[in-house]
Amino acid sequence: MCQSNTLQGPDLHTGKWLQFPQLALRRRLGQLSCMSRPALKLRSWPLTILYYLLPFGALKPLTRVGWRPMSRVALYKSVPTRLLSRAWGRLNQVELPTWLRKPVYSLYIWTFGVNMKEAAVEDLHHYRNLSEFFRRKLKPQARPVCCLHSVISPSDGKILNFGQVKNCEVEQVKGVTYSLESFLGPRIGTEELHFSQAPPGNSFQQQLVTKEGNELYHCVIYLAPGDYHCFHSPTDWRVSHRRHFPGSLMSVNPGVARWIKELFCHNERVVLTGDWKHGFFSLTAVGATNVGSIRIYFDQDLHTNSPSYSKGSYNDFSFISNNNKEGIPMRKGEHLGEFNLGSTIVLIFEAPKDFKFHLKAGQKIRFGEALGSL
């Protein structure tokens, strides 16, 4: 006699009750699969957050009926960091009552280890809002500029990486690289940078090297929230061109930089290029979460963290004109710009092969201290 596999009695009702949620979920997932990609991403975003926050395996049954969580990187990239940064910028401009300033700033000082003894104005009641506190000036003697070395640190911060540029790639942090051309953008016209024309068949890296026997070097400095937020000229050079890349404003904390490939190429950044006595020289200020505002003191036309932008776009501005053939001359240690919080400075420059860095990866450095010399 054949045995029936159908459920009988109470088991039948139990089976139906178990099937109904699963069928409803399958039907819902089928509807999601028909949606446009942006809508699907929006609908799956809350579930993905729950997937990573709830105890392990709590939402695992969803994966058995076809649902897949977004990756942690994709989830992080979907956070509206530009909107949050603009909101943070407006909050920074709100004037604090005098009685509230000391407790608010004291909490920040304690959290991030700020040394207020170096500040030009130590009285916390002097700073009307958070923005003024972030952009506080230092006492002149707090950061003596090293005169013995050709390149100094343009800011306070932590050395993430340094060395020669190899194979047209630069290290973001140890073991994680990004494309030199994606970071700087297409090569600027030689008439602006006073460079000799490189053979068209050469790589992007080779085209930046203008003198035989020279190499291309890089140095990455991460500014933490507690660091001095202004940056200065790292050497004597001429700034000929500014290229502004609107982009994301993801965190540039070293921990994040390890798991988001080409993070610096995704983020908003301002690339200043020109030349020094050994050839090509560039300084790039990279934006980050809550650091949508990047200011260059001599560039009044620069406006960062706009509400909308085209992905992959950039804006060029030349400081070379009929009235100014030399660009903007900068002296070593001269004020150059500022961030509203902390971020990253990337130096990429040409120098002879005997150029030596006086650094260790991970070390703390202060503005004015030596980076390297010949």
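In this predicted model, strand E10 is joined to strand E13, residues 335-339, by three bridges, and the two strands run antiparallel. Within that pairing, Arg295 has Glu338 of E13 as its bridge partner. The pair belongs to an open sheet of three strands, ordered E6-E13-E10, with antiparallel pairing. Strand E6, residues 230-232, and strand E10, residues 294-296, stand at the edges; each has a single partner strand, so one side of each is left without a neighbour in the sheet. On average, and ignoring direction, neighbouring strands here are turned by 20° against each other.

Let us follow the chain onward from E13. The loop between E13 and strand E14, residues 344-352, contains Ser343. An unreviewed UniProt entry places the feature "modified residue: Pyruvic acid (Ser)" at Ser343. Is Ser343 buried or exposed? Its relative accessibility is 0%, so Ser343 counts as buried, the cut-off being under 20%.

Another serine, Ser248, may be set beside it. Ser248 lies in the loop between strand E7, residues 237-245, and helix H11, residues 254-257. At 23% relative accessibility, Ser248 counts as partly exposed. Which residues does Ser248 touch, once those up to four places away in sequence are not counted? They are His266, Asn267, Glu268 and Tyr309. Ser248 and Phe264 are 16 residues apart along the chain, and their C-alpha atoms are separated by 9.4 Å.

I turn now to the nonpolar interior. In soluble globular proteins, nonpolar side chains tend to be buried together. The largest nonpolar core here has 32 residues, and those touching the most other members are Cys219, Phe231, Trp237, Ile345, Leu347, Phe349 and Leu371. Several strands give two or more residues to this core, among them strand E5 (214-222), strand E8 (269-276), strand E9 (279-286) and strand E12 (328-330). E10 and E13, the strands with which we began, are also on that list. Which element supplies the largest share of this core? That is E14, with four residues.

Leaving aside neighbours within four places in sequence, Trp237 is in contact with residues including Leu272, Trp276, Phe281, Leu283, Ile328 and Met330. A second, separate core has 26 residues, and these include Ile260, Phe264, Phe280 and Ile348.

Ile152 stands opposite Ala370 in E17.

Finally, the protein as a whole. It has 12 helices and 17 strands. Of its 374 residues, 47% count as buried. Among contacts between residues at least 6 apart in sequence, 75% join residues at least 24 apart. The protein exposes about 19,700 Å², of which carbon and sulfur atoms supply 56%. Thank you for your attention.

Conventions:
Residues numbered from 1 in each chain as written. Predicted model: local features only at pLDDT ≥ 70, side-chain atom pairs only at ≥ 80, totals over all residues. Heavy atoms only, no water. Buried < 20%, exposed > 50% of the residue type's maximum accessible area, 1.4 Å probe, protein only. Contact = heavy atoms within 4.5 Å. Areas by Shrake-Rupley, 256 points an atom, 1.4 Å probe, with all protein chains shown as cover. Pairing = 2+ DSSP bridges. Axes fitted to C-alpha atoms, helices over the stretch in contact; angles between N-to-C directions. UniProt positions renumbered as here; feature names shortened; annotations may be inferred. Core = buried A, V, L, I, M, F, W, Y, C linked by side-chain atoms within 4.5 Å.
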